[in-house]
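Trainee: I would like to learn how to read a few features of a protein model, beginning at the surface and then turning to helices and loops. Could you take me through them one at a time?

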Amino acid sequence: MEKVLGQRLASTAPRSRRSSGFIAPHLDWVTILLYFLLVALGWMNIYAAVYSPDNVVNILSFDINSGKQLAWIGASFLLIIVLLVVDYKVYEHLAYPIYGFIILLLLVTLVVAKPIAGSRSWLDLGAGIRLQPAELAKFATALAASRFLGSINLRQQNFKDQMILAAITFVPPVIIVLQNETGSALVFAAFILAYFREGMSPLILIIGGSAAAIFILTLLVPKLYLIAGITILMALATWLDYRLLRRFKVLIGLWVVVVGMIFSVDFFVNDVLQPHQQNRIKALINPEADPLGYGWNVTQSKIAIGSGGFWGKGFLEGTQTKFDFVPEQSTDFIFCTIGEEHGWVGSTILIALFLLLLIRIVNIAERQKSVFARTYGYCVASIIFFHFLVNVGMTIGLAPVVGIPLPFFSYGGSSLWSFTILLFILIAIDANRAKDLAR
């Protein structure tokens, strides 16, 4: 009898240990290592971006951005512990309340925030600490949208569900635009990539991509040439597939819409956009037209990156960096520091690290069993990918300068906290999935 009882106790002991809240063995340590590596490299390059040989300040000093960033990094580590200890089911159950609170915070910011560089998007918390709720809106929207998609079938959803999902996604960026923070608002377009994975019609991606291409081409190509080219392409498609003739009226309607878009671009740029937004588009098209004005940032950024050559000039040896030729180099243009001081090799390694992180996040998303967890994983990947693509693109003149930070790398506590929360909620969800499977 004692032998049987002992066997039962022995068989239940491991199960008891596995049912505890200890999730460390199930954490995705590769993703966590990539996070810490990017944060550490970012911190070192923030110091390089503010370093001055004429006034050398200790990297740990709170008088410069690197010291301040270190404090945010330390706070982020505490935040990580909280995110991993909290029951992972809370993130799904409280998705809507979290989203509602962030919406309220955005509205309060719009009313009480003081203008900074023309934007009313920063809350002053005192002691020189400022918080940008627009950054936190990303993870809140990801949670709410994932919770909603977990309750419906995106492939079979009705018009009402589509409008609810659109509202969840685009209410935050509308408020952010009212705060005059256009760059942060553009990020929410990345959610469409996650929705596409869950079954959204590819027609939306095609329409959006085509509209963006027409907008850019209208700025680069004379209107008559562009209209002629589109007309020839539509005629060629009809000739190759005669069945399109059955939808001749639809084709004519599409042609009219495209031509209307082409002729409306000038009105949008000149009469709708604000002067600084117009200058960003001009800088994208031809920064050399005004290298000392609106083209200054992009021109100096490309000079800094190009001057690094293959190996770079060495840590703290970047002349463009040390003499402040590139504005906002510790935030929006942090990639310039990598290009100048570490060259093509350093830039390639950084890009490879981000690609590895994105691949890892997609793999985590794909192995989730619930729609909520999988959708949230793809939202995380989409947001980080958008930031990475636009930030690097604008430093080399392939994207407009819209003030989007490089994830985990650029200076800024709100940005670092936002991406940390985004990533480690996913890691917590995945760790508990792995723990449940191990039982």
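Predicted model: local features only at pLDDT ≥ 70, side-chain atom pairs only at ≥ 80, totals over all residues.

Trainee: Where does Val112 lie, and is Val112 buried or exposed?

Mentor: Val112 belongs to helix α5, which covers residues 95-112, and Val112 counts as exposed because its relative accessible area is 51%, where the cut-off for exposed is over 50%.

Trainee: How should I read the residues of a helix such as α12, and which of them are buried?

Mentor: The general idea is that an α-helix has 3.6 residues a turn, so residues three or four places apart point the same way. In α12, the buried residues are Leu251, Val258, Val259, Ile262, Val265 and Val269.

Trainee: What is the span of α12 from its first C-alpha to its last, and where is its kink centred?

Mentor: Helix α12, residues 248-272, has 25 residues and reaches 34 Å, close to the 36 Å expected at 1.5 Å a residue, while a kink of about 35 degrees is centred on Ser264.

Trainee: Which loop holds Leu316, and what is the phi of Leu316?

Mentor: Leu316 sits in the loop between α14 (296-307) and α15 (319-322), and its phi is near 70 degrees, a positive value in a residue other than glycine. Leu316 is buried, with a relative accessible area of 16%.

Trainee: And what is the phi of Phe408?

Mentor: Phe408, in the loop between α17 (371-395) and α18 (413-438), has a positive phi near 65 degrees, and Phe408 counts as buried at 2% relative accessibility.

Definitions and conventions: Residues numbered from 1 in each chain as written. Heavy atoms only, no water. Helix = DSSP H or I, 4+ residues; strand = E, 2+ residues; numbered from the N terminus. Buried < 20%, exposed > 50% of the residue type's maximum accessible area, 1.4 Å probe, protein only. Expected span 1.5 Å × (residues − 1). Bend = angle between axes of the 7 residues up to and from the residue.
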